[in-house]
Amino acid sequence: MNRREEPLVLGIESSCDDTSAAVIRGNVVLSNVVANQALHAEVGGVVPEWASRAHLSKIHPVVQAALVKAEVQASELDAVAYTLGPGLQGSLHVGSSYAKSLAWGLGIPSIPVHHMRAHILAHVLEPGPIPSYPFLCLTVSGGHTQLVRVDDPQSMKVLGQTLDDAAGEAFDKVAKLIGLPYPGGPVVDKLAAQGQSDAFAFSRPKMDGYNWSFSGLKTQVLHFLQKEQAADSSFVSRRKEDICASVQAAILDMLMEPLIRATRETGIYEVAIAGGVSANSGLRARLKEAQEEHGWVVHIPPMAYCTDNAAMIAAVGWLDHLEGRQGSLDAAPSPRLPELTTLAGEPAT
Ligand code: KG4
Ligand code: ZN
C-alpha cells in the first residue's frame with residue numbers, strides 16, 4: 001500500500017487533562033493538536049469535574065484545528081479512533097461521545113483504543129525507526145508503570161507493573177512535598193539537572209518479579225524533609241536541586257533494575273520507553289547508556305509523543321482499522337481497562 005492509499009484516521013484523546021486531536025495517514029502525522037488544561041495547576045492535581053467541563057468546551061475547536069492543520073475535510077476521514085480507557089470517567093465520556101457521534105454522522109467506523117497500548121504504539125509513527133518485534137516497553141505515565149512484552153501490535157503481555165503508585169505519580173507527589181507546581185515531573189527533571197544525585201540516600205525497594213512499589217519513596221521523602229526542616233527551616237529552598245536529583249536517581253534506579261533483568265531473562269534487547277515519564281532527561285540518558293553498555297537497540301519517543309497526545313490514539317486506530325477492527329456505538333468508556341489487549345474493537349463480520 002503506498003502512502004496515498006493508506007487510510008486517513010482522526011484520533012481523539014481525552015483520558016485525563018489534555019484535550020487532543022490528530023490526523024494521520026499511515027504512520028505520517030499530519031496534525032497533532034494538544035490543548036492542556038492549565039486550570040488544574042492552582043490546586044496541585046487534576047480535578048475530574050473541571051477536566052470534564054474543559055474537555056467539553058475544547059473538544060470541538062481542537063478537532064477542527066487538527067483537521068485544518070492537516071488540510072483535510074471531515075468527509076475524507078476513513079475512521080475515528082478515541083480513548084476508551086483507562087482514565088477519568090467523565091473525561092473519557094466527552095471524547096468517546098464526540099468521536100462516536102462524528103463517526104456515526106460520517107458513516108465510518110469508530111475505533112476504541114486502550115490508552116496504554118497507544119503509548120506503546122506511538123513508536124510506529126514517523127520518524128521511527130520502528131522497533132522490531134518482539135520488543136520490551138517500559139511504559140511510565142502518571143497513572144501506570146508497566147513492563148510490557150510486545151510481540152506485535154495486537155499481542156502484548158504485561159510482565160510486571162507497579163503495585164501502588166505509578167512512577168509519574170511518585171515524581172508528582174515528591175514535587176508537591178517540595179512545594180513545586182503540578183505536574184511536578186518536568187520541574188523535578190529540570191531542577192535535578194542542577195543538583196547532585198548522591199547528595200541524599202533514598203532506599204530503592206525491590207519487589208518480586210518485574211514489579212515495582214513507589215509509595216514507600218514518597219513516605220521516605222516526607223519523613224526526611226520533616227526532619228531536615230525541623231532542624232533548618234530553609235532546608236528545602238536551599239537544597240531543592242539536590243533533593244530532586246537524589247529522588248530522581250532513586251526512581252530511575254528502581255525503574256531500570258527490572259528492565260535490565262528482563263532483557264537478560266527474555267533475551268530481548270530491543271527496548272522502548274513510553275508515557276509521560278519517558279520525557280525525563282535522566283531516563284532518556286539511562287537508555288542511551290544501556291545501549292552502549294548492554295548492546296540494547298533503544299527506542300526513545302520524540303517529546304511530542306511522550307505525554308498524552310492524540311497521534312498515538314490515531315496510530316492504534318490505523319493499525320486496528322487495517323485489521324478490520326471497529327467498535328460499536330454502545331462501547332462504554334472504562335476508567336479501568338484490565339488488559340492491554342482488551343481492545344474493545346472487534347473484527348467486523
Ligand atoms: O502519559 P502522561 O502524559 O499522562 C498519563 O497517562 O498519566 O503522563 C503524565 C506524567 C505526570 O506524572 C508527569 O509528571 C510525568 O508524566 N512527566 C514527567 C516528565 N514529563 C512528564 N516525569 C518526569 N520527568 C519529566 N520530564
Ligand atoms: Zn498517558
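1. The second largest pocket is lined by Asp189, Ala192, Ala193, Ser197, Ala245, Gln248, Ala249, Leu252, Ser281, Gly282, Arg286 and Glu289, and two or more of its lining residues come from each of α5 (184-192), α7 (235-266) and α8 (281-294). A pocket here is an open set of points on a 1 Å grid over the protein atoms alone, where a 1.4 Å probe fits, with protein on both sides within 12 Å along at least five of seven lines, and lining residues have an atom within 4 Å of a point. Helices are DSSP runs of H or I with at least four residues, numbered from the N terminus.

2. The model is a predicted one, in which local features need pLDDT of at least 70 and side-chain atom pairs count only at pLDDT 80 or more, while totals for chains, interfaces and linings use all residues. Residues are numbered from 1 along each chain as its sequence is written, chains are lettered from A and ligands numbered from 1 in the order in which they are written, and side-chain values use heavy atoms, with hydrogens and water left out.

3. Ligand 1 is surrounded by 18 residues, the closest being Gly142, Asp172, Asp189, Asn280 and Asp308, where a residue counts as near if one of its heavy atoms lies within 4 Å. A side-chain N or O atom of Asp189, which also lines the second largest pocket, is 2.9 Å from a nitrogen atom of ligand 1. A backbone N or O atom of Gly142 lies 2.8 Å from an oxygen atom of the ligand.

4. Ala311, in helix α9 (residues 311-322), is buried (under 20% relative accessible area, 1.4 Å probe, protein chains only), its own value being 0%.

Definitions and conventions:
Buried means under 20% relative accessible area, exposed over 50%, partly exposed in between (1.4 Å probe, protein chains only). A polar contact is a pair of N or O atoms within 3.5 Å; within protein, one must be able to donate a hydrogen and the other to accept it, and residues adjacent in sequence count only if both atoms are side-chain atoms.
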